[in-house]
Amino acid sequence: MRDKPIFHNPFPQLARVAIIPFNNQSDVPTLNMDDVTLAYYGELQSVRGFEVVPVGVVMRAMQATGNDLTDVQQIRALGKMLGADAVVVGSVTDFSPYYPKRMTLAVNWYATNPGFHPIPPGYGLPWGTSGEEFIPESHVWEAEFALAREQLATQTPSQADGLDPLGIPEENGKVAVDGLPADWPDPTGFIPDGPKTEHPPMIPHDGPIISQIRTYAENDSEVTERAEQYFFFLDDSRNGGWQGFLGRSDDFIRFCCYSHISEMLSLRGGAGESQLAIRWGNRR
């Protein structure tokens, strides 16, 4: 008897997603990046609310355009061609195929609509409600850390701005009524705004709207606990249990993609109530 985690797409404006084949930036040249791309595709497609463009369709579109997808405009053009709301660009930056296996995934999501802005960790969680006490401590830390980084960005000195020819700072910063900078991020940004009577003005954003990097190691207790739970619901009849599951490279890659996606969604309001599942010990 276990609780089965349930995840869903919390971004209705990002329903159709295209995945560009992942890049290998690790020092293991034999890593099959098709396996990584297809694993990420399979795990994302299994999440309720997402429609993922088949990887083969994406690859044929890339071949037809001939673009090397080195900038956000080319990425957006590909997404629009495929009718996608978002394009996923991912890399494996570290990989070890031997025990203890280790994998680092760095993934960026780009919206095809330049008017969509970043969705930070903590966005959409039940802040200021009775459910706030149930937000995991790790989520609280990551949300506060992301907020602090955005706040400090408004306070970081720049040698390119605010200096006269003698190097004396100029008093030209905009300050809001409460004494903070006009662009100062505050915690209310974690709570989605209500509907407006008119479309908001277009303020283009050329960076990713979601960015996440995570490392998963086979000998990490949090990873093995999550892997045991993940394996329990696979109904996998192969011998070896969850330990054998992690021992197979293709399954380890699949589990890492699942973990990366579930963490990304959970941090942004995509975790639903878990379901109680009962299974008999002998399932075969």
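Arginine 254 and glutamate 43 form a salt bridge, their closest N and O atoms being 3.0 Å apart; a salt bridge here is a side-chain nitrogen of Lys or Arg within 4 Å of a carboxyl oxygen of Asp or Glu. The pair links distant parts of the chain, since arginine 254 is in helix α7 and glutamate 43 in helix α1 (residues 33-45), 211 residues apart. The model is predicted: local features need pLDDT of at least 70, side-chain atom pairs count only at pLDDT 80 or more, and totals for chains, interfaces and linings use all residues. Residues are numbered from 1 along each chain as its sequence is written, and side-chain values use heavy atoms, with hydrogens and water left out.

**Salt bridges**

- A search of the whole structure finds seven salt bridges.
- In the pair described above, arginine 254 is partly exposed at 33% relative accessible area, whereas glutamate 43 is buried at 9%. Buried means under 20% relative accessible area, exposed over 50%, and partly exposed in between (1.4 Å probe, protein chains only).
- Aspartate 206 forms a salt bridge with arginine 76, with 3.1 Å between the closest N and O atoms. Aspartate 206 lies in the loop between α4 (137-153) and β7 (210-217) and arginine 76 in helix α3 (residues 72-81), so this pair ties together parts that are 130 residues apart in sequence.
- Aspartate 206 counts as partly exposed, at 44% relative accessibility, and arginine 76 as buried, at 5%.
- Aspartate 94 and arginine 102 meet through their side chains in a salt bridge of 2.5 Å, N to O. Arginine 102 is partly exposed, with a relative accessible area of 32%.

**Helix α7**

- Helices (H or I, at least four residues) and strands (E, at least two) are DSSP runs, numbered from the N terminus.
- Helix α7 covers residues 249-266, and its 18 residues should span 26 Å at 1.5 Å a residue. The expected span is 1.5 Å times one less than the number of residues.
- The end C-alpha atoms of α7 are 25 Å apart, which agrees with that expectation.
- Of the 18 residues of α7, 15 are buried, so the helix is largely enclosed by the rest of the structure.

**Cysteines**

- The whole structure contains zero disulfides, a disulfide being a pair of cysteine sulfur atoms within 2.5 Å.
- The closest cysteine sulfur to that of cysteine 256 belongs to cysteine 257, and the 7.0 Å between them is too far for a bond.
- Cysteine 257 is accordingly in no disulfide.
- Cysteine 256 is buried at 0% relative accessibility, and cysteine 257 is buried with a relative accessible area of 0%.

**Strand pairing**

- Strand β2 (residues 16-19) pairs with strand β4 (residues 51-52) in the parallel sense over two bridges. Two strands pair if DSSP finds at least two bridges between them.
- Valine 17 has valine 52 as its bridge partner in β4.
- Strand β2 also pairs with β5 in the parallel sense, over three bridges. On that side, valine 17 stands opposite alanine 86.

**Cis peptide bond**

- Tyrosine 99 and proline 100 are joined by a cis peptide bond, with omega about -10°.
- Most peptide bonds are trans.
- Proline 100 is placed in the loop between β5 (86-96) and β6 (102-111).
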